[in-house]
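Please read the sequence alongside the structure shown below. The walk-through starts with the whole chain and then turns to its parts.

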Amino acid sequence: MSEAVILMAYGSPPRAADVAEYLTDIRGGRPVSDEAIEELQERYRRIGGRSPLDEITEAQRDALERELGVPVYVGMKHWRPRIADAVETALVEGADSMVGVVLAPHYSRLSIAGYRDRLETALAGRAGLTFVESWHDDQAFVEVLADRVRGFEGHVIFTAHSLPERILQEGDPYRDQLLETAQLVADRAGLEHWSFAFQSASPTGEPWLGPDILEELATLSANGLENALVCPIGFVSDHLEILWDLDVEACERSAELGLELERIESLNDDPAFICALAGVVRKAFPVPSDS
């Protein structure tokens, strides 16, 4: 049996000039307003003109491939290379058994299920498939995060991307999984003071999960807090949601409030994180332990 891994990420336009195409893809081809395009382009300019996600994901792919000893292919949900491209390459190179894993630890039908649909459609039964739906409580992953926050003497704020509030009525496990990860990390690190907040909500006209990170910062400041550390447990790579939403927007709000805000270093291709991710994949199918 020839095994392979399809490593999936959301995707991000590498340059501000690619924003219009990217937003159109997210909206399934529906028109995007000039205002929305200009707003996102400005955010890219503020973080240096581009997102590092492509390079980081490739570094993660390379490190994971070396750790596992089996081929790993990257597929993006909303950018290139597409998930379908990764599948075709894996098949051409002889894979007949694949593990699909998303670089997002927490399951939601609004997010992870979409990756699975794209992967299964592209594969069309041409090879065996095991799909990892969630790895939010993986012990090695929790330990990597705990190492990032252990010993911090202020207040730790765990964050993740918000989703529409209606998922709660649909029985979606997303929020519960996030809170479970936060609790596991806090327990492992021995944290006494921590909270959870969402970030990166989209202006869709419907309620999104909260509290938002900016609201949480205001609440903590009003309660006399002077310093905080933000730990984005829903993200494993530096990209716009980290470099803009936290490093620019949240930091600017903290400065207005007189609150000192720090952020943990993103996991990216940290060897400890790659080892944890490899463990997640190994649970999905056996790979040579001595590779």
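What follows goes from overall dimensions to the nonpolar cores, the aromatic pairs, and then some backbone details.

The model is predicted. Its chain holds 11 helices and eight strands. Along the principal axes, the C-alpha atoms fill a box of roughly 60 × 45 × 40 Å. The radius of gyration is 19 Å, which agrees with the value near 19 Å that a compact globule of 291 residues would have. Buried residues make up 51% of the 291 residues. Of the contacts with a separation of 6 or more, 79% join residues 24 or more positions apart.

In soluble globular proteins, nonpolar side chains tend to be buried together. Here the largest nonpolar core has 77 residues. Val 5, Leu 64, Trp 135, Val 149, Phe 158 and Phe 273 have the most contacts inside this core. Another core, of 21 residues, lies apart from it and includes Ile 6, Met 98, Val 102 and Leu 123.

A pair of aromatic rings is described by the distance of the centres and the angle of the planes. A search of the whole structure finds five aromatic pairs. One of them joins Tyr 22 and Trp 79 edge-to-face, at 6.3 Å centre to centre and with 70° between the planes. Tyr 22 lies in helix α1 (residues 19–26) and Trp 79 in the loop between β2 (72–76) and α4 (83–92), so this pair ties together parts that are 57 residues apart in sequence. Both Tyr 22 and Trp 79 are buried. Trp 135 and Phe 141 form another edge-to-face pair, with 5.0 Å between the centres and 70° between the planes. Phe 141 is buried, at 1% relative accessibility. Together with Phe 273, Trp 135 and Phe 141 form one aromatic cluster.

The loop between β2 and α4 also holds Pro 81. The peptide bond leading from Arg 80 to Pro 81 is cis, with omega near 0°. The charged end of Arg 80 sits over the ring of Trp 79, 4.4 Å from the ring centre.

Leu 119 is in helix α5 (residues 112–123). With a relative accessibility of 0%, Leu 119 counts as buried. Beyond its neighbours within four places in sequence, Leu 119 is in contact with Ile 6, Met 8, Ile 83, Val 87, Gly 100, Leu 129 and Phe 131. By contrast, Gln 41 is 30 Å from Leu 119, C-alpha to C-alpha, and 78 residues from it in sequence.

His 136 lies in the loop between β4 (128–132) and α6 (139–149). It is buried, at 7% relative accessible area. Its contacts, leaving aside neighbours within four places in sequence, are Pro 105, His 106, Phe 141, Val 142, Gln 177, Glu 180 and Thr 181.

The backbone has some further points to examine. Most residues other than glycine have a negative phi, and most peptide bonds are trans. Ala 124 has a positive phi, near 50°. This residue lies in the loop between α5 and β4, and at 55% relative accessibility Ala 124 counts as exposed. Ser 200 also has a positive phi, near 65°. Ser 200 is in the loop between β6 and α8, and it is buried, with a relative accessible area of 15%.

The loop between β6 (194–199) and α8 (213–222) also contains Pro 211. A cis peptide bond runs from Gly 210 to Pro 211, with omega near 5°.

What is the kink in helix α10 centred on? The kink, of about 30°, is centred on Cys 251 in this helix of residues 245–257. Asp 245, Leu 246, Val 248, Ala 250 and Ser 254 are buried in α10. Just after α10, Gly 258 takes a positive phi of about 75°.

Definitions and conventions
Residues numbered from 1 in each chain as written. Predicted model: local features only at pLDDT ≥ 70, side-chain atom pairs only at ≥ 80, totals over all residues. Heavy atoms only, no water. Bend = angle between axes of the 7 residues up to and from the residue. Helix = DSSP H or I, 4+ residues; strand = E, 2+ residues; numbered from the N terminus. Buried < 20%, exposed > 50% of the residue type's maximum accessible area, 1.4 Å probe, protein only. Phe/Tyr/Trp six-rings, centres within 6.5 Å; stacked < 30°, edge-to-face > 60°. Lys NZ or Arg CZ within 6 Å of the ring centre and 35° of its normal. Core = buried A, V, L, I, M, F, W, Y, C linked by side-chain atoms within 4.5 Å. Rg over C-alpha atoms; globule rule 2.2 N^0.38 Å. Contact = heavy atoms within 4.5 Å.
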